[in-house]
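Open the model in your viewer and keep the selection tool ready. This tour goes stop by stop.

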Amino acid sequence: MTQSHPRISKAVIPAAGLGTRFLPATKATPKEMLPVVDKPAIQYVVEEAVAAGLDDVLMVTGRNKRPLEDHFDRNYELESALQKKGDAGRLAKVQESSDLATMHYVRQGDPKGLGHAVLCAAPHVGDEPFAVLLGDDLIDPRDPLLQRMVEVQEQRGGSVIALMEVAPEQIHLYGCAAVESTEDSDVVRVGGLVEKPDPADAPSNYAIIGRYVLDPQIFDILRRTEPGRGGEIQLTDALQQLAEDEKIGGPVHGVVFKGRRYDTGDRGDYLRAIVRLACEREDLGPDFRTWLRSYVAEEM
């Protein structure tokens, strides 16, 4: 039997990475601000949090990340110029980002990994469950993954991670979960986790993707977690402790995602994400798809 748990209202978005895979574009521009069609990637992530009912957003940033704060702040000069032009459409788009959520910011300081970035959120989150959204994974709003994860956490307690089946030869690129089925077809019980395993040693082909709903006990574990793979404090290592002993902070469950996901953490996948989203836009899609068919036909 399920029971009700406290309502989640806070989201944490780690955004302190250097974006080295996108150099030189990210030398002076945060990777989270790179446009996906005509919106920066980070705005899609904040919109997803808000759509799931999480309108209190903490962004964990680092040096040279000030444009993130500027994007979600008011720009009175630009708004005034658009008002004078009578450009109501663009004015609404500019104001949309500043009205999305209550935004907070904290600097990570030393880049000690995802686990450390999450730990930086402890003073803001306090003693309540919260969500973590990674900016490299964009989830299509027609596939409400985070909303489902929040629902599962409120019913079952503990922590919930997002999982996706991948080809066995790709599992070394992800954190991997050992799972058991539950009465819900899209929910599994997580018995163990390992970060980027060798395919021969992987307990499954269920990969962790960048969405988490975490019990606040994760903070105490992260404070005691030693640096792991890559010399960083791994969130996966802390979740492994929760999975091993649910008395610490409840069980760990996974929601198996089979919807539309756009990976913007890799240059090739970033380009594919732009093409896919542009093709689906009502204002851009028809003309763009026509051009794309013509281009492919000529090149092939």
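Helices (H or I, at least four residues) and strands (E, at least two) are DSSP runs, numbered from the N terminus. This is a predicted model: local features need pLDDT of at least 70, side-chain atom pairs count only at pLDDT 80 or more, and totals for chains, interfaces and linings use all residues. Residues are numbered from 1 along each chain as its sequence is written, and side-chain values use heavy atoms, with hydrogens and water left out.

**Stop 1: helix α11**

Select residues 267-280. This is helix α11, with 14 residues. From first C-alpha to last it reaches 20 Å, close to the 20 Å expected at 1.5 Å a residue.

Which residues of α11 are buried? They are Y270, A273, L277, A278 and C279. Buried means under 20% relative accessible area, exposed means over 50%, and partly exposed is in between (1.4 Å probe, protein chains only). The cover over these buried residues of α11 includes β2, α1, β13 (261-263) and α12. Cover is judged by contact, meaning heavy atoms within 4.5 Å.

Now pick D266. D266 caps the N-terminal end of α11. One of its side-chain oxygens lies 3.0 Å from the backbone nitrogen of G268. That is a polar contact: a pair of N or O atoms within 3.5 Å; within protein, one must be able to donate a hydrogen and the other to accept it, and residues adjacent in sequence count only if both atoms are side-chain atoms.

**Stop 2**

Select W291, Y295, V296 and M300. Together they make a nonpolar surface patch of about 490 Å². Patches are made of residues with over 30% relative accessible area and no salt bridge; like charges are joined within 9 Å, nonpolar side chains (Val, Leu, Ile, Met, Phe, Trp, Tyr) within 5 Å. Accessible areas come from the Shrake-Rupley method with a 1.4 Å probe, and for residues only the protein chains shown count as cover.

Zoom in on Y295. Y295 sits in helix α12 (residues 285-299). Y295 counts as partly exposed because its relative accessibility is 39%.

**Stop 3**

Select R211. Is R211 buried or exposed? R211 is buried, because its relative accessibility is 0%. Its place is in strand β11.

The side chains of E48 and R211 meet in a salt bridge (2.7 Å, N to O). The pair links distant parts of the chain: E48 is in helix α1 (residues 41-51), R211 is in strand β11 (residues 206-214), and they are 163 residues apart. A salt bridge is a side-chain nitrogen of Lys or Arg within 4 Å of a carboxyl oxygen of Asp or Glu. Side chains of opposite charge can pair when their charged atoms come close. E48 is buried too, with a relative accessible area of 12%.

Next, look at the backbone around R211. The backbone oxygen of L134 lies 2.9 Å from a polar atom of the R211 side chain. The backbone oxygen of D137 lies 2.5 Å from a polar atom of that side chain.

**Stop 4: D136 and K31**

How many salt bridges does a search of the whole structure find? The search finds 22. For one of them, select D136 and K31, whose side chains meet at 3.5 Å, N to O. D136 is in the loop between β6 (130-133) and β7 (137-139), K31 is in the loop between β1 (10-14) and β2 (35-36), and the two are 105 residues apart. D136 is partly exposed, with a relative accessible area of 24%. K31 is partly exposed, also at 24%.

**Stop 5: helix α7**

Select residues 145-156, helix α7. α7 has 12 residues and reaches 16 Å from its first C-alpha to its last, close to the 16 Å expected at 1.5 Å a residue. α7 is mostly covered: nine of its 12 residues are buried. Among them are L145, M149 and V152.

R156 forms a salt bridge with E183, the closest N and O atoms being 3.2 Å apart. R156 is buried at 17% relative accessible area, whereas E183 is exposed at 62%. Step on to G157, which follows α7 and has a positive phi, near 75°.

**Last stop: T61**

Select T61 in strand β4 (residues 56-61). T61 counts as buried because its relative accessibility is 3%. Leaving out residues up to four places away in sequence, T61 touches A15, A16, L68, Y105, V106, R107 and Q108.

Technical notes: Expected span 1.5 Å × (residues − 1).
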